[in-house]
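Subject: Structure for your review

Dear colleague,

Please find below the structure that I am handing over to you. I would be grateful if you would look through it first and then read the notes that follow.

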Amino acid sequence: MNQAEYINQQSNFWKTCEQLLSSGTNRSELPETYRVLSHQLAVAESRNYSPGLINYLQKLVLDYHSQLYRQRTNWFLSLWLFFYDTFPHSLRENYKIFAVAATLFFLPLILTTTIIFFYPEYVYYFLSIEKLADIKDMYNPENAVLGRERAEDGDWYMFGFYLYNNTSIGFRTFAAGLLMGFGSVFFLLFNGVFIGVIAGYLISIGYSESFFSFVSGHSSFELIAIALSGAAGLMLGRSLINPGNLKRKLALQQAAKLAMPLMQGAMSFFFIAAAIEAFWSSSQSTMFIIKITVGIFLWLSIAGYFLFAGRNNLAK
Amino acid sequence: MFDISSLSLSYVVDTPEGVAIKLPVAGLWSRSAAWMIDLLIRGGVYIFLAIVLSITGLFGQGILLIVIFTLEWFYPVFYEVLNNGKTPGKKIIGIKVVNTNGSQLDWGASMTRNIIRFIDMLPLVYGVGFISVLLSRHSQRIGDIVAGTIVIYDNHDNTGSLESPMFSGLNNITAYKSFITDLSLDERRAFIAFAERFDSLSVPRKEELISIISPVLKKYNLNDDIKAIKQISESVINSK
């Protein structure tokens, strides 16, 4: 058949195809129409019709294709599924690399805390005198609120600040995993040392009560979120160093898919940590013992969550 | 003759229905332009909010920080997932993001490509992303490669609509028969493509394209001005 005849014969059908796609009604007709269009594209190509006609059909087929093969998600359901199953599940599946990331982060943290506690003078190797004075100021037990100085309505400001700052640290730790994993290792070690030095310093100058009162609430979520981001980053790095039987690019893409739940979990933890840090941790009116109890309770609940949530396989 | 497809920037997807769809890959400049528009939109929102919220003190600044955080990291994610791969900037430029199988992005893929943006932005103003787009076969930045996504033209050229000249009918010319029968399939296609894009090409561009084949035409004692070539092209179409 001549191209002009073919166009004459089909152009009305193509018009209805365009309308069907844009109107959003009669969705049940989409698959059948898509198959007819695919067939017509194949016919047009085999008959060597002109590039213009083929481009037109390609575009139509592509639009149908992306409409039909798109993932439809139910917001609420997928969010619930994520926390109920996907997140704790994928953490347990990758517990080895999470253990590595947690070690890279918590070991230097505990080490530097201990070192600075016993040898406070070493703190000057890590931080300048002005910076130390700032930190000392933030945790002064005589302050009305702990943490960074703020006005009365500063809680929301601090929430925004912590959210931006901490989550960005997490994202960086993850993305830096692309540098063969070394970027993630660096950020884990660096943050571990930095937090440890400050903790050790505050304990050594006798501010331990105000320090623990401040950090106990959000420490669990924030520190675990950093370790999670690091683990996700290390997964990217591992896929580049040891791609196994796959091409590096494919291995990396698969690793990114598997690492994403950890990263999304880390994001939600950063969010919770920022909220606790801004609205709860800084309050001086709550008793020390309550704050510590809440802090320990949160640590234990997270551990319990990771250990036990999502054990019953939903696929069954 | 060499294989024309090696020059093409298309990314070919084989669908389960047994046809190959060619995704027209968007290049560095359209991507940069779309990014620039998005940047201006976000900047506009920040400035507007900063002015409005300045009367509310620290509370307002907190809201501003939350908005900045959300938009800087999730502005592309929301649009890519909920608006068919198109941020406002991409929509204006006419490009969109899709998975490398041609389907629409899900949350995971979109988040991956937008968190990895951090690497693309290194060391200064998208240095890594710039080099990656130029070097990779399908103009992908690192985030695209990791997430398995690709940026394509949404409507490649005006041949993609029913209003294009192809559908308005071409002159029925049956001359040049002896010349046309000598042409290979790819050469015929080149002529046809020329006829179909005739109205959208500028005169210098037409002359440039014609100069490539004018030695061949001379061999057949054919005219090599624009009108003659158009006639040849149209008769190629009608010779089928």
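Two residues are said to touch, or to be in contact, if their C-beta atoms, placed from the backbone, lie within 7 Å. With that in mind, please note that this is a predicted model.

In chain A, A:Ala231 touches A:Asn94, A:Ile97, A:Phe98, A:Ala101 and A:Leu262, leaving aside residues up to four places away in sequence. The largest nonpolar core has 106 residues, and the members that touch the most others are A:Ala101, A:Ala227 and A:Ala231. Another core, of six residues, lies apart from it; B:Phe194, B:Ala195, B:Ile229 and B:Ile232 are among them.

Next come two pairs of helices in chain A. Helix α5 (residues 95–118) and helix α9 (residues 182–204) of chain A have axes that come within 7 Å and cross at roughly 30°. Angles under 35 degrees count as roughly parallel, and α5(A) is therefore roughly parallel to α9(A). Their crossing is right-handed. Sorted by class, the residues of the contact of α5(A) with α9(A) are 20 nonpolar and eight polar, with no charged residue.

In the second pair, helix α10 (residues 208–241) of chain A packs with helix α12 (residues 288–308) of chain A at an angle of about 15°, and their axes are 9 Å apart. The helices α10(A) and α12(A) are therefore also roughly parallel to each other. The crossing of α10(A) and α12(A) is left-handed. On the α10(A) side, the residues that meet α12(A) include A:Phe212, A:Ser216, A:Ser220 and A:Ile224. On the α12(A) side, they include A:Phe288, A:Val294, A:Leu298 and A:Trp299. By class, this contact has eight nonpolar, six polar and two charged residues.

Finally, I turn to the contact between the chains. How many residues does each chain bring to the contact? Chain B gives 49 residues and chain A gives 51. On the side of chain B that touches chain A, the elements that give two or more residues are β2 (20–24), α2 (57–82), α4 (107–115), α5 (117–120), α7 (142–147) and α9 (185–196) of chain B. The largest share of that side, ten residues, comes from α2(B). By class, the side of chain B that touches chain A has 26 nonpolar, 17 polar and six charged residues.

With kind regards

Notes:
Residues numbered from 1 in each chain as written. Chains lettered and ligands numbered in written order. Predicted model: local features only at pLDDT ≥ 70, side-chain atom pairs only at ≥ 80, totals over all residues. Axes fitted to C-alpha atoms, helices over the stretch in contact; angles between N-to-C directions. Helix = DSSP H or I, 4+ residues; strand = E, 2+ residues; numbered from the N terminus. Parallel < 35°, antiparallel > 145°, perpendicular 65-115°, else oblique. Left-handed = near helix turned anticlockwise from the far one by under 90°. Nonpolar A, V, L, I, M, F, W, Y, C, P; charged D, E, K, R; others polar. Core = buried A, V, L, I, M, F, W, Y, C linked by C-beta atoms within 7 Å. Buried ≥ 20, exposed ≤ 12 C-beta atoms within 10 Å, placed from the backbone.
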